[in-house]
Amino acid sequence: MKPNRGKTILLTLSVLAFLGLTGCSTVIPADLQGKLASNGNADDHMAAAMLYQNKAGQLAGEAERYEAVASKVGLYEDPKGFRRSALTTAAQETRNRAKQMETLYAAHFEKAQTMYGKKSPE
């Protein structure tokens, strides 16, 4: 039985389209963004930090799922490696977005700690 090239291409395109759609989504609500843009207080920065931390965890889990699926794709199913490559790319892009969220978390957390008059517990 030959692998279906059309399904492989369709899967690759759907993974890349998914990455494009989720990459544009916002993490924090518009009202919180407005508060942070003007003069956000420590509680606003802490709320933003927690939202970014949660999103980073979600993205890390999503990247692990992509990697798990890619590791299960056999040579017979994907002889040229297009499907594995697309899933690996999706995992890498998702990991990069998770790192960006972690960076934003750290920045907002540090700002909140500074505003509270405390130093980071690290």
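## Overall make-up

Helices (H or I, at least four residues) and strands (E, at least two) are taken here as DSSP runs, numbered from the N terminus. Counted that way, the chain has four helices and zero strands, and from the N terminus on its elements run α-α-α-α. Of the 122 residues, 31% count as buried, where buried means under 20% relative accessible area, exposed means over 50%, and partly exposed is in between (1.4 Å probe, protein chains only).

A couple of notes on the numbers: this is a predicted model, where local features need pLDDT of at least 70 and side-chain atom pairs count only at pLDDT 80 or more, while totals for chains, interfaces and linings use all residues. Residues are numbered from 1 along each chain as its sequence is written, and side-chain values use heavy atoms, with hydrogens and water left out.

Helix α3 covers residues 42-72, which makes 31 residues. From first C-alpha to last it reaches 46 Å, close to the 45 Å expected at 1.5 Å a residue (the expected span is 1.5 Å times one less than the number of residues).

At 39% relative accessibility, Asn-41 counts as partly exposed. Its side chain makes polar contacts (pairs of N or O atoms within 3.5 Å; within protein, one must be able to donate a hydrogen and the other to accept it, and residues adjacent in sequence count only if both atoms are side-chain atoms). A side-chain oxygen of Asn-41 comes to within 3.1 Å of the backbone nitrogen of Asp-43, and the Asn-41 side chain also reaches the backbone nitrogen of Asp-44 at 2.8 Å.

## α3 against α4

Two packed helices are described by the angle between their axes and the distance between those axes. For α3 and α4 (residues 82-116), the angle is about 160° and the axes are 7 Å apart; axes are lines fitted to C-alpha atoms, for helices over the stretch in contact, and angles run from 0 to 180 degrees between N-to-C directions. The pair is therefore roughly antiparallel (over 145 degrees; under 35 is roughly parallel, 65 to 115 roughly perpendicular, and the rest oblique).

The residues of this contact split into 24 nonpolar, six polar and 10 charged. Here Ala, Val, Leu, Ile, Met, Phe, Trp, Tyr, Cys and Pro count as nonpolar, Asp, Glu, Lys and Arg as charged, and the others, Gly among them, as polar.

## Pairs separated in sequence

Met-50 is in helix α3 and is partly exposed, with a relative accessible area of 31%. Its C-alpha lies 8.9 Å from that of His-108, 58 residues apart along the chain. For Asn-41 and Ala-112, 71 residues apart along the chain, the C-alpha separation is 7.6 Å.
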